[in-house]
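Open the model in a viewer that can select by residue number.

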Amino acid sequence: MNVTVFGTGYVGLVQAAVLAEAGNKVVCIDIDEDKIARLKQGHIPIYEPGLEPMVKESIATGNLSFSTDAAVGVEHGELIFIAVGTPPDEDGSADLRHVLTVADTIATHMTVKKYIINKSTVPVGTADKVRTTVSKRLAERGLSDLAFDVISNPEFLKEGSAVADCMRPDRIIIGTSEKQSEQKLRHLYAPFNRNHEKILVMDVKSAELTKYAANCMLATKISFMNEMANIADKVGADIEAVRRGIGSDPRVGYQFIYAGIGYGGSCFPKDVKALISSAQQLGLSAEILAAVESRNEQQKHYMAEKILAHYEGGVQGKTFALWGLSFKPNTDDMREAPSRVLMERLWEKGASVRAFDPEAMEECQRIYGDRDDLELCGTKEAALKGADALIVATEWQQFKALDTAEVKNLLKAPVVFDGRNQYEPEEMEEAGFCYYCVGRPDTSAC
């Protein structure tokens, strides 16, 4: 099938590459000329496991191409995906300007029926706005009778496993009331729907709400466990034991019930805010979601408070080794990352940070530039050398096996602040560490 994707971010680029590998002819459109030039050469602007070789292979086969020419994209694609950003506005609502601009662009150039597919995460009612935008432009062109459909097809990709999620989806949501649109999407997704039926067809508004509801449910589980961890701190319980206890109940399950220092990224914070804003516009009070957001914002300060308490507020002149900058492992994304809140709190108090992350070093440099109180180190060991303590902010695999003897030798003092509960308190105490974690008994061996 001929497919066009507007937007080459996480969602658009991954979706385009996977569809191209399946044999479709895919054209990606973006207004960023430098980005498109790099993509044509096979240079991927984001870190996502498995994406780069897939893009390069599809470029080589001719199934995937890139352009800044919107007219070319509209002419090429029978199915046109909108996969542009919907950043939060000042009131937390989703900014739909990019989505509606693409809709207008499609209507400006289309001459035959197009199937316009909203892949961006958008509030309920966005499909209606896209339809209105397209209809208005077609009317101005004297083409009011030109047929089109607007379909909601939300993505459920996780950064760090987006390619696998796209190739082996848990479910494929198709929001449409037009049978022909359903058939087109069923045909497109047939290669990814072979093992068992994964396609769920529903009305457009239900599909739009499904995406927000899914992300907000996951964010709620994380904030709930962080709240339980705070209670565990006060009563002397171990949140890891609690996690295993409740996770064994199949009604709860083990996913997304790990305590930590808050969620980040491009989806959960934005989508929770957007659904709160949507509810307010409808005259509703989204009290649970407001609590989820509040707990998460507070949780990002959790480890900073433990650090300040350990040093009795006096971190002026201290240097901290920081392992992990990205908001989660297997990505270079630092949007809303807890590490940023942590670093900025330490800088405010006069401390310095020596940081290492397997993939997010360039992103950190881009965000913060050159600072006297930030050193980006080439290895995790280099970050430790001469630091007053170690802070773990992201649960990268290479951080999980701790060489306690080496860490003690490189640090000025055996102090570890673990924001992801990577290590066992008993083992850290036996190794002679002051060990602080989340919702588990801290040690005082030092």
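**Helix pairs**

Start with helix 14, which passes helix 15 in a right-handed crossing (right-handed if the near helix is turned clockwise from the far one by less than a right angle, left-handed if anticlockwise). Helices here are DSSP runs of H or I, at least four residues, numbered from the N terminus. This is a predicted model, in which local features need pLDDT of at least 70 and side-chain atom pairs count only at pLDDT 80 or more, while totals for chains, interfaces and linings use all residues. Residues are numbered from 1 along each chain as its sequence is written, and side-chain values use heavy atoms, with hydrogens and water left out.

Select residues 338-348 for helix 14 and 361-368 for helix 15; the two pack at an angle of about 50°, with axes 13 Å apart. Axes are lines fitted to C-alpha atoms over the stretch in contact, and angles run from 0 to 180 degrees between N-to-C directions. That angle makes helix 14 oblique to helix 15, because angles under 35 degrees count as roughly parallel, over 145 as roughly antiparallel, 65 to 115 as roughly perpendicular and the rest as oblique.

Show side chains next: Arg340, Met343, Glu344 and Trp347 of helix 14 meet Cys364, Ile367 and Tyr368 of helix 15, where contact means heavy atoms within 4.5 Å. This contact has five nonpolar, no polar and two charged residues. Ala, Val, Leu, Ile, Met, Phe, Trp, Tyr, Cys and Pro count as nonpolar, Asp, Glu, Lys and Arg as charged, and the others, Gly among them, as polar.

Move to helix 9 and to helix 10 (residues 239-247), whose axes come within 10 Å and cross at roughly 135°. That makes helix 9 oblique to helix 10. The crossing of helix 9 with helix 10 is right-handed. Select Met225, Met228, Ala229 and Ala232 on helix 9, then Ile239, Arg243 and Ile246 on helix 10, to see the contact. By class it has six nonpolar, no polar and one charged residues.

Residues to pick include Val99, Leu100 and Ala103 of helix 5 and Val130, Thr133 and Val134 of helix 6. Seven nonpolar, three polar and three charged residues make up this contact.

**Pocket and cavity**

Keep helix 5 selected: it gives the most to the lining of the second largest pocket, with four residues. On a 1 Å grid over the protein atoms alone, a pocket is an open set of points with protein on both sides within 12 Å along at least five of seven lines, a cavity is a set where a 1.4 Å probe fits but cannot get out, and lining residues have an atom within 4 Å of a point.

Which residues lie nearest the centre of the second largest pocket? They are Gly9, Ala83, Val84, Gly85 and Thr86, out of 42 lining residues. The pocket volume is about 1,100 Å³, a volume being the space filled by probe spheres set on grid points joined across faces, edges and corners.

Finish at the largest cavity, with a volume of about 40 Å³. Helix 9 (residues 204-235) supplies the largest share of its lining, four residues. Select Ser120, Thr121, Val122, Ser152, Pro154, Ala207, Glu208, Lys211 and Tyr212 to display that lining.
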